[in-house]
Amino acid sequence: MKSMLVTFTRWILWQRVPPSEIEFKALNQETVLLLSYSILYIIAGYVLGLVIAYLPAPILGATQFNQDLWYSGVFKILLLLIIPGYIYFIRWNYHVRDLTLGLKPSVKIFLATAFMVALGFFLNASHLKPLENTIDTFSDAPLRLALGIIMPLFTAALPEELFFRGYLQTRLEKKWNRISASLVATLLFTAWHLPSRYLLSTGVEGQAGDWGNVILHTGVPVFIAGFIFALHWSRYRNIILLILTHWAVDILPALSSYFKILF
């Protein structure tokens, strides 16, 4: 019985690459900068929400504010993908291998990734029928389809997984422990979603002007999904799977927005 408990405990605590095996160039300074940037990003979410409220620029008339040019181009691509990426890869001189951490292709990894991508995609299967009934009514449907498929990769999957899991959480694990790191990274990941929803949301993500409603419909599900992703990163260090799964989750809602379907 004792040996079974030891085996189970080791299985629970196992990490493909423990923090002790990860090298950083300047751990303390990098951690402080990333934490500070996370807080500034939450503030930026509120500021950009105000900008969108008064100067909306929806891409192709998309119905959801997260397909607005301010949100997609400035808030997500510039502030969460380009600037942190420049700091990480250019200023700090890290490489892609510092994020993949020795991950090697295998049949098992391929099958797991395919399963997670399919699961993520069909979590929003309720969008499929309305899309099927609507796509043919748009003369520029190929453009909208392309944007709906491509944009979630650059406005959600890549920036969010790289920053909150690959950059931030990994350093917090090295300084603290995996659970504290996962919780803090997930709380910060959740927090930046809330200001824009409080100012702008009118659908499934909550009702603008009602913090309780926004926390219930955005904060809670985002925290749960984010914490699952955080635990997965802590255990398997498979940033590619996380990026692809996150991308798959967001494709159908993005397509619905570009085809002006309300949810």
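With 263 residues, the protein chain of this predicted model has a radius of gyration of 19 Å, which agrees with the value near 18 Å that a compact globule would have; the radius is taken over C-alpha atoms, and the globule rule is 2.2 Å times the number of residues to the power 0.38. Along its principal axes the C-alpha trace spans about 60 × 40 × 35 Å. Because the model is predicted, local features need pLDDT of at least 70 and side-chain atom pairs count only at pLDDT 80 or more, while totals for chains, interfaces and linings use all residues. Residues are numbered from 1 along each chain as its sequence is written, and side-chain values use heavy atoms, with hydrogens and water left out.

The protein chain holds 11 helices and zero strands, where helices (H or I, at least four residues) and strands (E, at least two) are DSSP runs numbered from the N terminus. Of the 263 residues, 45% count as buried, that is, under 20% relative accessible area with a 1.4 Å probe and protein chains only. Among contacts (heavy atoms within 4.5 Å) between residues at least 6 apart in sequence, 78% join residues at least 24 apart.

| Residue | Residues in contact (heavy atoms within 4.5 Å) |
|---|---|
| Trp192 | Tyr41, Ile42, Tyr71, Phe75, Lys76, Glu160, Phe164, Arg197 |
| Ser72 | Ile59, Asn66, Gln67, Ile77, Met151, Thr155 |

Ser72 has its place in helix 3, and this residue is buried, with a relative accessible area of 2%.

Helix 9 (residues 193-200) is mostly covered, since six of its eight residues are buried, namely His193, Leu194, Pro195, Ser196, Arg197 and Leu200. These buried residues pack against helix 2 (27-54), helix 3 (69-91), helix 8 (178-191) and helix 10 (211-236). Arg197 of this buried set is also in contact with Trp192.

Technical notes
Buried < 20%, exposed > 50% of the residue type's maximum accessible area, 1.4 Å probe, protein only. Lists of a residue's contacts leave out its neighbours within four places in sequence.
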